[in-house]
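Trainee: Before I use any of the terms for this fold, I would like to hear what each of them rests on. Could we go through them one by one?

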Amino acid sequence: MPTIAAQPYEYSFPAGRLALIVIDMQRDFVEEGGFGSVLGNDVRPLAKIVPTVRRLIDGFRAAHLPIIHTREGHKPDLSDCPPSKRARGGGKLTIGDEGPMGRILVDGEPGNDLVSELAARPGEAVIVKPGKGAFYATHLDDILKRDGVGHLVLAGVTTEVCVQTTMREANDRGYECLLAEDATESYFPEFKAATLAMIRAQGGIVGWTAPTDTIVKALR
Ligand code: TIU
């Protein structure tokens, strides 16, 4: 089995059976005027990881391994958005309102597009998810089982919200999860650091973490 130097210990995966899940690298979180900035966050730290995420995606493309992109987005009628989620945030704008990049966090609006550098290519699945976790109310588990994938590398934003929620959902479903440390980011550096620590604590209670270049080298 190929291995990757990781924390808290070496990560092993069956050759050819490792998928990449890129969480929510959409304009809503990475560009000014989207959901992230509406919530009062500085989006610039998230924009900085785009080249690193691209290196990771390109590594999986070169190795002909599956790549799945997700977007956090709701139906235009918001029937899949709990009123409790819509009510959060405390700002002037909320989910479904018209913002600078179209209706906020709504599927099909310009803000819901993946950032252009990380656009999906033909053959790469794009999952639109109404929740923070990518398994909730989606076909992600079906897609992975269909493709015989039990090992996942995760990347994207934000580390402690959608990435960690997805990693925990995956872990409970029996997937062996490795988080790309530098291909994920938070609006809060201390939350990112705490998330990496809590994932790999207790002998890898949720999974493993490793840098992007170490992961990409192991795919060759
Ligand atoms: N607000 C925040 O940190 N994140 C989200 O709302 N969604 C994702 O993490 N994608």
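Mentor: Let us begin with how axes are drawn: they are lines fitted to C-alpha atoms, for helices over the stretch in contact, and angles run from 0 to 180 degrees between N-to-C directions. Helices (H or I, at least four residues) and strands (E, at least two) are DSSP runs, numbered from the N terminus. Residues are numbered from 1 along each chain as its sequence is written. This is a predicted model, in which local features need pLDDT of at least 70 and side-chain atom pairs count only at pLDDT 80 or more, while totals for chains, interfaces and linings use all residues.

Trainee: What makes α4 roughly parallel to α9?

Mentor: The axes of α4 (residues 50–62) and α9 (residues 212–219) cross at roughly 10° and come within 9 Å. Angles under 35 degrees count as roughly parallel, over 145 as roughly antiparallel, 65 to 115 as roughly perpendicular and the rest as oblique. The crossing angle therefore makes α4 roughly parallel to α9.

Trainee: Which residues make that contact, and how do they divide by class?

Mentor: Helix α4 contributes T52, R55, L56, G59 and F60, and helix α9 contributes T212, I215, V216 and L219, where contact requires C-beta atoms, placed from the backbone, within 7 Å. Five of these residues are nonpolar, three polar and one charged; Ala, Val, Leu, Ile, Met, Phe, Trp, Tyr, Cys and Pro count as nonpolar, Asp, Glu, Lys and Arg as charged, and the others, Gly among them, as polar.

Trainee: Why do β7 and β10 stand at the edges of the sheet?

Mentor: Two strands pair if DSSP finds at least two bridges between them, and six strands form an open sheet, paired in parallel, in the order β7-β4-β3-β8-β9-β10. β7 (125–129) and β10 (208–210) each have a single partner strand, so one side of each is left without a neighbour in the sheet. Neighbouring strands are turned by 25° against each other on average, direction ignored.

Trainee: How do you know that β3 and β4 are paired?

Mentor: Strand β3 (residues 18–23) and strand β4 (residues 67–72) share four bridges in the parallel sense, which meets the requirement of at least two. Within this region, I21 stands opposite I68 in β4. Helix α7 (residues 159–172) lies across β3, β4, β8 and β9, at about 170° to β9.

Conventions. Two residues are in contact if their C-beta atoms, placed from the backbone, lie within 7 Å.
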